[in-house]
Amino acid sequence: MCGISGVYSINNPITDKCLVCKMGRTLNHRGPDNFSTFSAENISLAHNRLSIIDLSDAGNQPFFNERYALTYNGEIYNYRKLQEDLGKFNIEFRSTCDTEILFYYLIHFGIDVTLEKIRGMYAFAFFDRVSKELILARDRFGIKPLFWYEKNETFYFASEVKAIAAVTELEPDPVQTLFSVTGGSEGGLSSVFKGVRIVKPGAYLKITSNGQVSEKVYYSLVDQFDREYFDRLDRMSRAEVDELFGGLLHRSVESMLLSDAPMGAFVSGGI
């Protein structure tokens with residue numbers, strides 16, 4: 001678990017470089033191994049790192065070059081396979097972490113292809129200093145959180161609302177607070193604070209240089225339904241289905257066992 005936060009001002013450069021530091025410092029519990037920031041013109045990004053893959057300083061974030069900047073929370077399980085796709089671009093990688101793979105994949109293949117290809121849990125902010133476009137993206141099932149808030153043509157975003165509250169004056173929303181008991185009146189896409197929104201699972205936001213916000217849903221579980229495959233499963237015996245499910249579960253867990261840090265498992269009374 002890491003923490004990401006940032007500020008994007010549409011018309012004015014960000015003169016207060018301490019702003020994003022205040023946001024990031026509220027998320028130290030999410031990433032105690034390193035805290036770094038990136039600022040340029042009208043964008044500031046922060047990252048609180050919990051080191052899992054590549055424990056060296058080379059894996060610290062935000063990642064950036066002369067044009068692009070990325071702050072990212074999560075893990076890309078198939079990053080080694082994705083690195084093969086980047087081979088033709090003659091990139092000199094400075095780390096062995098999945099962050100750098102995500103960074104260059106976004107640069108060379110774009111947001112739509114990247115989100116189609118990557119497998120994992122993630123929330124990230126990706127900024128293009130030339131087009132002045134900011135992307136806020138969240139994984140398919142919303143495992144990693146990402147909140148955003150806009151006021152006076154300035155956008156604030158973070159892994160937790162407390163980071164946004166550290167630099168703005170948020171007001172509780174009594175109606176949303178009431179509905180939060182049952183998951184929220186908008187399907188859990190609004191927080192209990194007025195104006196603070198949640199990036200949808202399986203979606204990304206694009207914020208342009210003129211402050212226009214557009215949303216694209218890139219994944220829906222319903223789209224995964226395959227009637228022909230379902231019918232084949234329905235004709236299988238219980239033993240065949242058990243064997244198939246066991247294989248799927250094994251491969252899924254195996255794909256997630258990527259770590260340069262000690263690993264453990266939590267066992268509870270439920271599933």
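**A walk through the fold, starting from a salt bridge**

Arg227 is exposed, with a relative accessible area of 52%; here buried means under 20% relative accessible area, exposed means over 50%, and partly exposed lies in between, using a 1.4 Å probe and protein chains only. Before we go further, please keep in mind that this is a predicted model, in which local features need pLDDT of at least 70 and side-chain atom pairs count only at pLDDT 80 or more, while totals for chains, interfaces and linings use all residues. Residues are numbered from 1 along each chain as its sequence is written, and side-chain values use heavy atoms, with hydrogens and water left out.

Arg227 has a partner: Asp231 forms a salt bridge with Arg227, with 3.3 Å between the closest N and O atoms. A salt bridge here is a side-chain nitrogen of Lys or Arg within 4 Å of a carboxyl oxygen of Asp or Glu. Both residues belong to helix H6 (residues 227-235) and are four residues apart, about one turn of the helix. Helices (H or I, at least four residues) and strands (E, at least two) are DSSP runs, numbered from the N terminus. Asp231 is partly exposed at 26% relative accessibility.

Arg67 and Asp128 meet through their side chains at 2.9 Å, N to O. Arg67 sits in the loop between strand E4 (63-64) and strand E5 (68-76), and Asp128 in strand E6 (residues 120-128), so this pair ties together parts that are 61 residues apart in sequence. Arg67 is partly exposed, with a relative accessible area of 31%, whereas Asp128 is buried at 10%. The other pair is Glu215 and Lys200, whose side chains meet at 3.2 Å, N to O. Here Glu215 lies in strand E12 and Lys200 in the loop between E10 and E11, 15 residues apart. Glu215 is partly exposed at 41%, and so is Lys200 at 28%.

Strands E11 (residues 203-207) and E12 (residues 213-217) run antiparallel and are joined by five bridges; two strands count as paired if DSSP finds at least two bridges between them. Ala203, for instance, has Val217 in E12 as its bridge partner. Five residues separate the two strands of the hairpin, and Gly211 in the turn has a positive phi of about 85 degrees.

Next comes an open sheet of six strands, in the order E2-E3-E1-E9-E8-E10, with antiparallel pairing. Strand E2 (34-40) and strand E10 (197-198) stand at the edges with a single partner strand each, so one side of each has no neighbour in the sheet. Inside the sheet, strand E1 (residues 3-9) and strand E9 (residues 154-158) pair over five bridges, with Val7 opposite Tyr156 in E9. Helix H1 (residues 18-25) packs on this sheet, touching E1, E2, strand E3 (43-49) and E9, and its direction makes about 155 degrees with that of E1. Those axes are lines fitted to C-alpha atoms, for helices over the stretch in contact, and angles run from 0 to 180 degrees between N-to-C directions.

Between H1 and E2 lies a loop that holds Arg30. This arginine counts as buried, at 7% relative accessibility. Its side chain reaches the backbone oxygen of Cys2 at 2.9 Å.

Finally, look at the interior. In soluble globular proteins, nonpolar side chains tend to be buried together. A nonpolar core here is a set of buried Ala, Val, Leu, Ile, Met, Phe, Trp, Tyr and Cys residues joined through side-chain atoms within 4.5 Å. The largest core has 27 residues, of which Leu70, Leu115, Phe124 and Phe126 touch the most other members. Elements giving two or more residues to this core are E5, helix H2 (79-85), helix H3 (98-117), E6 and strand E7 (133-138), and H3 supplies the largest share, eight residues. Leaving out residues up to four places away in sequence, the contacts of Leu70 (heavy atoms within 4.5 Å) include Leu45, Leu102, Phe103, Leu106, Phe124 and Phe126. A second, separate core of 20 residues has Ile10, Ala40, Phe157 and Leu205 among its members.

How values were computed. A polar contact is a pair of N or O atoms within 3.5 Å; within protein, one must be able to donate a hydrogen and the other to accept it, and residues adjacent in sequence count only if both atoms are side-chain atoms.
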